[in-house]
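Trainee: I would like to learn how to read side-chain packing in a model. Where do we begin?

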Amino acid sequence: MASFHMITNLLFLLTIMLGASNAQLSATFYGKTCPNVSTIVSNVLQQAQGNDIWIFPKIVRLHFHDCFVHGCDASLLLNGTDGEKTTTPNLSTEGYEVIDDIKTALEKACPRVVSCADVLALAAQISVSLGGGPTWQVPLGRRDSLTAHREGTGSIPTGHESLANIATLFKSVGLDSTDLAALSGVHTFGRARCAAFMDRLYNFNNITGKTDPTLNATYANTLKQRCPKGGDTKSLIDLDEQSSLTFDNKYFSNLQNRRGLLQTDQELFSTNGAETVDIVNRFASSQSQFFSSFAKAMIKMGNLNPLTGTNGEIRLDCKKVN
C-alpha cells in the first residue's frame with residue numbers, strides 16, 4: 001500500500017492543482033524582463049556537462065523531485081536541517097551547484113527577475129533537449145516557496161512501488177497512464193544506485209534468495225556481478241544499458257526485453273492487463289510519439305501548484321529565502 005503521507009500529500013497537490021489552472025504561466029513570461037533566459041541557462045548547462053557527463057539527467061531529476069512535493073516551487077533547493085535535501089528520497093540527488101551557477105548568471109543579467117522554480121523547469125527542458133530529446137515551450141512565471149516541505153517528501157515515488165500504487169498516485173494529481181509511461185521514460189538516461197534495485201536480485205517480495213521473475217535472467221546475472229551481496233550499495237548502474245547518456249526511446253525496448261532496471265520501470269510492461277503495456281509498445285516503435293507525450297507530460301507536471309502573482313518570492317539565492 002502507498003504510505004499515508006504519500007497519499008495525503010498528493011491529494012493536497014490535486015486540490016491546489018485544480019485551483020492552479022488559472023495561474024498565469026506563459027512561455028513568454030520573461031520576454032521583456034529577461035529575454036535571454038533560455039540562452040543563459042543553456043550556456044551554463046553545456047559548460048557543466050564538460051565537467052560532469054551525467055549532469056543532464058541529474059538536473060531533470062531535481063525538477064521531478066521538486067514538483068512531487070507540494071508542487072513546483074523550488075522548495076527542494078532550500079538548505080537547512082528542516083529542508084528536503086536530507087530526506088531519504090533526496091539523499092542521492094545531485095546537481096544543486098549547477099542550479100546555483102545558473103541562478104548566479106541570471107542574477108548578473110536580470111537581477112531579481114527569474115525564480116529558482118523557473119530555473120529548475122527551464123533547466124530540465126534544456127537538459128532533455130541537449131541530451132537528444134524533445135524541445136518544448138516551458139510555461140514560466142512560477143515563484144519560489146518561503147519554506148521547505150520536508151514532511152511532504154513521502155510523496156516522491158520510489159523505484160520499489162507497484163504499478164497500481166504509482167498509477168493511483170499519478171492520477172491523483174491529474175497525470176494519466178500515458179503521462180506515467182512517458183515520464184518514466186526519463187530513465188532513458190542517467191544512473192541508479194544498486195540500493196534502488198538490489199531487492200529485485202536477492203530478496204524479491206521479501207523472499208530471501210528470490211530474484212524478480214520479470215527480470216531477464218542474463219541481465220539479472222550481470223547486475224548481480226555489478227551489485228554483489230554485501231557490496232557497495234551506492235555503486236551506480238546505467239538505467240538504460242544501451243544508451244544511458246542519450247535521451248531516446250530505447251528504454252521502452254529494454255522493458256519489452258525484460259531489462260528494465262527498476263521495478264517501477266519493468267512493471268509498466270510486465271503487469272498483465274495494465275494500460276501501460278500498449279503504451280510501452282507504442283513508444284518502443286515510435287520515438288516521435290514518446291517525445292511528444294513526454295513533452296506534454298512535463299508541461300502538466302510543471303503546472304503542479306505553481307506559486308504566482310504575489311505568492312512566494314523571487315529568491316536571490318536558491319539555497320535560502322530572502
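This is a predicted model: local features need pLDDT of at least 70, side-chain atom pairs count only at pLDDT 80 or more; totals for chains, interfaces and linings use all residues.

Trainee: What does the record say about H187?

Mentor: An unreviewed UniProt entry places the feature "binding site" at H187.

Trainee: Is H187 buried, partly exposed or exposed?

Mentor: The relative accessibility of H187 is 22%, so H187 counts as partly exposed. Buried would need a value under 20%.

Trainee: Which residues does H187 touch, leaving out those up to four places away in sequence?

Mentor: H187 touches L239, D240, Y251, L262 and D265.

Trainee: Now the rings. How is a pair of aromatic rings described?

Mentor: By the distance of the centres and the angle of the planes. Here the count is 13 aromatic pairs. Take W136 and F294: their centres are 5.9 Å apart, with 75° between the planes.

Trainee: What kind of pair do W136 and F294 form?

Mentor: An edge-to-face pair. W136 is in the loop between α5 (116-130) and α6 (163-171), while F294 is in helix α13 (residues 287-302), so the pair ties together parts 158 residues apart in sequence. W136 is buried, because its relative accessibility is 9%. F294 is buried too, with a relative accessible area of 0%.

Trainee: And how do F247 and F290 pair?

Mentor: Their ring centres are 5.6 Å apart and their planes are at 5°, so this pair is stacked. F247 lies in the loop between β2 (236-238) and α10 (250-256), and F290 lies in helix α13, so the pair ties together parts 43 residues apart in sequence. Both F247 and F290 are buried.

Trainee: Which residues do ring pairs link into a cluster?

Mentor: W136, F189, F247, Y251, F252, F283, F290, F291 and F294. Look also at K85: its charged end sits over the ring of Y96, 4.5 Å from the ring centre.

Trainee: What about nonpolar side chains?

Mentor: In soluble globular proteins, they tend to be buried together. The largest nonpolar core here has 74 residues. V41, L45, I99, I102, L106, L183 and F294 have the most contacts inside this core. α5 gives the most to this core, with 10 residues. Domain 1 (36-156) and domain 2 (163-301) each supply at least three residues.

Trainee: Which residues does L106 touch?

Mentor: Beyond four places away in sequence, L106 touches C34, V37, I40, V41, P111, V114 and V119. A second, separate core has 15 residues, including L215, A220, I237 and L261.

Note on methods: Residues are numbered from 1 along each chain as its sequence is written. Side-chain values use heavy atoms; hydrogens and water are left out. Rings of Phe, Tyr and Trp (its six-membered ring) pair if their centres lie within 6.5 Å; planes under 30 degrees apart count as stacked, over 60 as edge-to-face and the rest as tilted. Helices (H or I, at least four residues) and strands (E, at least two) are DSSP runs, numbered from the N terminus. Buried means under 20% relative accessible area, exposed over 50%, partly exposed in between (1.4 Å probe, protein chains only). A charge sits over a ring if NZ of Lys or CZ of Arg is within 6 Å of the ring centre and within 35 degrees of the ring normal. A nonpolar core is a set of buried Ala, Val, Leu, Ile, Met, Phe, Trp, Tyr and Cys residues joined through side-chain atoms within 4.5 Å. Domain bounds come from an automatic or database domain assignment. Contact means heavy atoms within 4.5 Å. UniProt positions are given in the numbering used here, feature names are shortened, and annotations may be inferred rather than shown by experiment.
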